Protein chains: 2
Amino acid sequence: MKEQVTIKDVAKVAGVSTQTISRVINDRPDVAPNTRARIKRIITELRYEPNALARGLSSGKTNTLGVVGFGLEYFGPANVLTGIEKRASECGYSVLLALIDQLDERNIQQVLTRFVTQHVIGIIWAIPGFSDSMSIVEQETRELNIPIVLLNRSTLPQKVVAAVDNRTGANIATQHLIEEGYEHLGIICGPLNWWEAQERLAGWRETMKAYNKEDTDSWIFEGDWGVESGEFGFHALYSAHPNLDAIFVCNDQMSLGVIQAASRKGLIIPKDLGIVGFDNIPESRFFLPPLTTIDQRARELGALAVQSLNECIQAKGNEEQNVPSANWIHPDLIIRESSQRLRV
Amino acid sequence: MKEQVTIKDVAKVAGVSTQTISRVINDRPDVAPNTRARIKRIITELRYEPNALARGLSSGKTNTLGVVGFGLEYFGPANVLTGIEKRASECGYSVLLALIDQLDERNIQQVLTRFVTQHVIGIIWAIPGFSDSMSIVEQETRELNIPIVLLNRSTLPQKVVAAVDNRTGANIATQHLIEEGYEHLGIICGPLNWWEAQERLAGWRETMKAYNKEDTDSWIFEGDWGVESGEFGFHALYSAHPNLDAIFVCNDQMSLGVIQAASRKGLIIPKDLGIVGFDNIPESRFFLPPLTTIDQRARELGALAVQSLNECIQAKGNEEQNVPSANWIHPDLIIRESSQRLRV
DNA sequence: CTGTTAGCGCATTCAT
DNA sequence: ATGAATGCGCTAACAG
């Protein structure tokens, strides 16, 4: 039973008061240089580690961030979390993780309560923005008085949001297809109660309009992010429009379904059908053919979230000014074979 | 600025001492039923939530688990973490997450120190067992006096390990191929400094031997889990053994590489080449052809880890008996088209 | 069944 | 530049 070394033990050995030790471990300026050095030496010798609980209780501040996550089995969310953890630990924060699968009020309250009792100093809400859940989240977090950053959702008054610029991503993808010479473009989008799916669809529409391709409604298929819905989507669009020659597929899983369904129909990709996906999952590079796709840079989104949260935390110390803002990650187009008609 | 409601406030309103409140929130038996009910009512009315920091400091125990993870961008680890978080929150634990990418001594110490200062009540070490890192981990965690469960690695004296039974998984996979009538089996395994890769190879060898297929060394290719190494592996094995008719590929990513390389060579799967993978990633169901694979049940492994840890924690309270043990998850064979020669 | 006393390890506020 | 006193919110140990 290794007894814990406390600030008192260090003080006793150093022959000073506990306050001085406290000053040293908090890097306060008002300690004599040689005293500080001596104390630091003793601290390492004794292997003293400050008790985070006591610190938190006494100061009213912890160095713990609460992170609410969703769907870690998917590539994007898992990478966001990785980015969050990395940057957080770089900033000296610990990460308290809560995963949610159902966004009902009870779950949300439970998670937030846990965070409050643990006195996290900030919260990152890394849950996809479902249109039907906005109000609950907003309501529950409003009274919290803990800085919070929301990820990948529409902006909210008084809230800080960090997100991938899905709309621009869709612009880039669509434009790329058009510039490769494809003329009859469809889209297979995600479930439209997801903010991300809405944005990608909107971006596609914008670009289509910019190229004078209006009247696009019958060229839209709403999938569910799964491989199978890519297959369904392809069949639906292709049978409605036999002249279909390109599809912007709003994630890589569904793209896989499209590739397979189209190949079975005898279509050659990219000659007969151009495809651009979204996500850049590791496998997409090895699809047949390799998939052109949009890289979300999810890890960087995670880092950005911590960054933004950190600013809120600092700002809170200075003034009671919780600067609401939106911070965007600009996605990248990764060009591979599935969209390159010109090169064939 | 919402002031925190404390146990004192509740006590004052209830007209009792803080001790009684403490007893109620800790579900101690020695409180009069109606007093308890009254206090509970007041607690909800006042929206009182106990301060976890104060509790931890005072009692010397927290309800926080430390989890060290690795490679969340892969399906297995992400699912293990999901399983951990779910079961942990069911058991009333909070999860403190630390991610590591490099297993050097500094990183390990840093993570463990963070956990110690936060006074976690148990640790789950969800890092793949690399043969070269065993000693460090063992050494660093030996003095810790915090219950710890290690995941997916060889057993260690005095330590609790929870793992997928990779060897049996490989047995099942290999046996399945043989029973489907394949005769000339190769294996593409993972990096052999991974415990999991070693076990799968060992399982394959066991079964091969059981079917009187000895002298297998030239039928082994060591990959790196990536899609490309599946391609390499196939080419290497196929050129060395043109009569190769089946491969046990030790993860699904590499299986994808094999499928593609073999298809390009004109081989028909499963007629000319049978393939069994490992992991059961969501995409594997949609490979061409759909992949027969071993499901690790990673989520259940995560749950099992929490379970085991919980037992350690309880045991520690009762006696100083830290029962070392090994807890196994039995993997499942998922039969799909890629291995079914008989049905063709 | 309930209350009193003491203290967990540290930071804050005032001294000096 | 350093120290003494006080309290953060809660629980443990004892008393009654």
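Okay, let's start in chain A: strand S6 (residues 185-189) and strand S8 (residues 246-249) run parallel and are joined by four bridges. Pairing here takes at least two DSSP bridges between two strands, and the elements themselves are DSSP runs numbered from the N terminus, with helices being H or I of at least four residues and strands E of at least two. Across that pair, Gly186(A) has Ile247(A) in S8(A) as its bridge partner.

Before I go on, the ground rules. This is a predicted model, so local features need pLDDT of at least 70 and side-chain atom pairs count only at pLDDT 80 or more, while totals for chains, interfaces and linings use all residues. Residues are numbered from 1 along each chain as its sequence is written, and chains are lettered from A and ligands numbered from 1 in the order in which they are written.

Back to chain A. The sheet is open, has four strands in the order S7-S6-S8-S9, and pairs in parallel. At its edges are strand S7 (220-222) and strand S9 (274-276) of chain A, each of which pairs on one side only. From one strand to the next, the twist averages 15°. For angles, axes are lines fitted to C-alpha atoms, for helices over the stretch in contact, and values run from 0 to 180 degrees between N-to-C directions. H11(A) packs on this sheet, touching S6, S8 and S9 of chain A, and its direction makes about 155° with that of S8(A).

Now chain B. Which strand order does the open sheet of four strands have there? In chain B the order is S7-S6-S8-S9, again with parallel pairing. Strand S7 (220-222) and strand S9 (274-276) of chain B each have a single partner strand, so one side of each is left without a neighbour in the sheet. Strand S6 (residues 185-189) of chain B pairs with S7(B) in parallel over three bridges, and Cys189(B) sits opposite Glu222(B) in S7(B).

Two helices to point out on that sheet. H9(B) lies across S6 and strand S8 (246-249) of chain B, at about 170° to S6(B). Helix H11 (residues 252-264) of chain B touches S6, S8 and S9 of chain B, with its direction at about 155° to that of S8(B).

H9(B) has a helix partner too. The axes of helix H8 (residues 166-179) and helix H9 (residues 195-210) of chain B come within 7 Å and cross at roughly 45°. H8(B) and H9(B) are therefore oblique to each other; on this scale, under 35 degrees is roughly parallel, over 145 roughly antiparallel, 65 to 115 roughly perpendicular, and the rest oblique. The crossing of H8(B) and H9(B) is right-handed, meaning that the near helix is turned clockwise from the far one by less than a right angle, with anticlockwise being left-handed. Contributors to the contact include Asn171(B) and Gln175(B) of H8(B) and Arg200(B) and Trp204(B) of H9(B). Contact, by the way, puts C-beta atoms, placed from the backbone, within 7 Å. By class, the H8(B)-H9(B) contact has four nonpolar, eight polar and five charged residues. The classes: Ala, Val, Leu, Ile, Met, Phe, Trp, Tyr, Cys and Pro are nonpolar, Asp, Glu, Lys and Arg charged, and the others, Gly among them, polar.

Next, some other strands in chain B. Strand S4 (residues 148-151) of chain B is joined in parallel to strand S3 (residues 122-125) by three bridges, and to strand S5 (residues 160-164), also in parallel, by three bridges. Ile124(B) stands opposite Val149(B), and Leu150(B) has Val161(B) in S5(B) as its bridge partner. In a regular strand, side chains alternate between the two faces of the sheet. In S4(B), Ile148(B) and Leu150(B) point one way, Val149(B) and Leu151(B) the other, and all are buried. Buried is 20 or more other C-beta atoms within 10 Å, exposed is 12 or fewer, and partly exposed is in between, with C-beta atoms placed from the backbone.

Thr141(B) belongs to helix H7 (residues 134-142) of chain B, and touches Leu112(B) and Ile148(B), leaving out residues up to four places away in sequence.

Last up, the chain-chain contact. Chain A puts in 42 residues and chain B 42 residues. On the chain A side, H5(A) gives the most, with eight residues. By class, that side has 20 nonpolar, 14 polar and eight charged residues. S2(A) and strand S2 (residues 94-99) of chain B pair antiparallel over three bridges, with Leu96(A) opposite Leu96(B).
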